[in-house]
Amino acid sequence: MANPYTVLHVRPEWALEPEDMGTKTKFWYRDPDDDADWLFKHPRTGTGEHWAEKIVAEVAGLLVAPCATVQFAEWEGVQASASKSFVSGRRELVHGNQILKWTFSDYDPAKRFRQSEHSIENIWRCFGAQFRRAEAAEAAKTQFAGYLVLDAVVGNTDRHHENWGVVRERRAGRWVGRLAPSFDHASSLGRELRDEKRMMRLEAGSVPAYAEKARGAIYLGGSTGRGPSPLDLVRGSMPTIGRYFRAPLERLSSLRDSDVGEIMDRIPAGWMSTPAKEFAASLIRYNRDRLLELLR
């Protein structure tokens, strides 16, 4: 068996907030032997949000998409995930809803669901408006396109306007920033399904239908109601901004079935069921193959 992924064993006294942790779904902590802060995230009952976070981070590494570091973590017998903070010192994270508000005065930063103004076109305009140098704006667009390819590969439906942002700091009297690493991927890989449903879909060959019916949180211009699937978001963006997706898609062409299999094999025993692994791997394969059709 492949070398299992590390499991961090979190002690209650490491928590950075004086709170009853049993009532919280997540909390920041610091291991005395580690300089960084980590966010411990409880998965919702009956879901695989913890293993989804870890698998997506590993896939992001293979696709060379900047991503928050994620480890499996355990606290008082609770299996969860922990994400390493990517801000420190004078740096701060500015979320997408704030950036959109700066760019569009009528944007509602509090409207998280069915926010049709959270569109790929408006995000692109934000990058053009908020990055002073044209090269920086172009780099942000290409990097964000990589995040959207990652979302499409793993079926991440939760790229809402607080699940991306810019890391900035004050230098010589002005703000300097860059697109933050991708983070918060718990809503991926069929993490909400029960094993019986996973097996039914695998046996019926309906994993493609599951992938295609997913609904994301970024819209295509002019669309309302529910957002397009992560796959359709990339497909629908190709006619206008396809050049930004070419490099991420070309990197995706190197993602082999054996790479996905190795990720699944390294998950520690008892952390993910066999049907969950088979479903997640099948979903990744289907999404990858559909995305690579866009390079033809």
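**Cavity, pockets and contacts**

Analyst: In this predicted model, the residues that line the largest cavity fall into six nonpolar, three polar and two charged.

User: How much space lies in the largest cavity?

Analyst: The search finds one cavity of 30 Å³ or more. Its lining includes L148, D151, N156 and R159, and α4 and α7 (230–241) each give at least two residues to this lining. The space in the largest cavity is about 80 Å³.

User: Which element gives the largest share of the lining of the largest pocket?

Analyst: The largest pocket holds about 1100 Å³ of space. Among the elements that give two or more residues to its lining are β2, β3 and α1 (49–62). The largest share is three residues, and the element that supplies them is β5.

User: Which residues lie closest to the centre of the largest pocket?

Analyst: The lining of the largest pocket has twelve nonpolar, 13 polar and 14 charged residues. There are 39 lining residues, and the closest to the centre are R112, D158, H160, N163 and D184.

User: Which element gives the largest share of the lining of the second largest pocket?

Analyst: The second largest pocket has a volume of about 540 Å³. It is lined by 19 residues, with Q130, F131, W175, V176 and G177 closest to the centre. Two or more lining residues come from each of α2 (96–103), α4 (134–154), β7 (165–171) and β8 (174–179). The largest share, six residues, comes from β8.

User: How many lining residues of the second largest pocket are nonpolar, polar and charged?

Analyst: Tyr and Trp count as nonpolar here, and Gly counts as polar. By these classes, the lining of the second largest pocket divides into eleven nonpolar, three polar and five charged.

User: Is the aromatic pair of F27 and F40 stacked or edge-to-face?

Analyst: The structure has 17 aromatic pairs. In the pair of F27 and F40, the ring centres are 5.1 Å apart and the planes are at 20 degrees. Planes under 30 degrees apart count as stacked, and the pair of F27 and F40 is stacked.

User: Why does the pair of F27 and F40 tie together parts that are apart in sequence?

Analyst: F27 and F40 are both buried. F27 belongs to strand β2 (residues 26–29) and F40 to strand β3 (residues 38–41), so the pair ties together parts that are apart in sequence by 13 residues.

User: Is the pair of W124 and Y244 stacked or edge-to-face?

Analyst: The centres of the W124 and Y244 rings are 5.6 Å apart, with 80 degrees between the planes. The pair links distant parts of the chain, with W124 in helix α3 (residues 120–130) and Y244 in helix α8 (residues 243–252), 120 residues apart. Planes over 60 degrees apart count as edge-to-face, and the pair of W124 and Y244 is edge-to-face.

User: Is W124 buried or exposed?

Analyst: W124 is one of the residues that ring pairs link into a cluster, together with F127, F131, F144, Y147, W164 and Y244. The relative accessibility of W124 is 8%, so W124 is buried.

User: How far is K54 from the ring centre of Y5?

Analyst: A charge sits over a ring if NZ of Lys is within 6 Å of the ring centre and within 35 degrees of the ring normal. K54 lies over the face of Y5, and its distance from the ring centre is 4.5 Å.

User: What separates R235 and D232 in helix α7?

Analyst: R235 and D232 form a salt bridge, with the closest N and O atoms 2.8 Å apart. D232 is partly exposed at 29% relative accessible area, and R235 is partly exposed at 26%. Because R235 and D232 are three residues apart in helix α7, they are separated by about one helical turn.

User: Which helix holds E212, the residue that forms a pair with R235?

Analyst: The salt bridge between the side chains of R235 and E212 has an N to O distance of 2.9 Å. The pair links distant parts of the chain, 23 residues apart: R235 is in helix α7, and E212 is in helix α6 (residues 207–213).

User: How many salt bridges are found in the whole structure?

Analyst: One of them joins the side chains of E293 and R290 at 2.9 Å, N to O. K41, E53 and D184 are linked in a network of salt bridges. The search of the whole structure finds 22.

Terms used: Residues are numbered from 1 along each chain as its sequence is written. This is a predicted model: local features need pLDDT of at least 70, side-chain atom pairs count only at pLDDT 80 or more; totals for chains, interfaces and linings use all residues. Side-chain values use heavy atoms; hydrogens and water are left out. Rings of Phe, Tyr and Trp (its six-membered ring) pair if their centres lie within 6.5 Å; planes under 30 degrees apart count as stacked, over 60 as edge-to-face and the rest as tilted. Helices (H or I, at least four residues) and strands (E, at least two) are DSSP runs, numbered from the N terminus. Buried means under 20% relative accessible area, exposed over 50%, partly exposed in between (1.4 Å probe, protein chains only). On a 1 Å grid over the protein atoms alone, a cavity is a set of points where a 1.4 Å probe fits but cannot get out, and a pocket is an open set with protein on both sides within 12 Å along at least five of seven lines; lining residues have an atom within 4 Å of a point. Grid points are joined across faces, edges and corners, and a volume is the space filled by probe spheres set on the points. A salt bridge is a side-chain nitrogen of Lys or Arg within 4 Å of a carboxyl oxygen of Asp or Glu.
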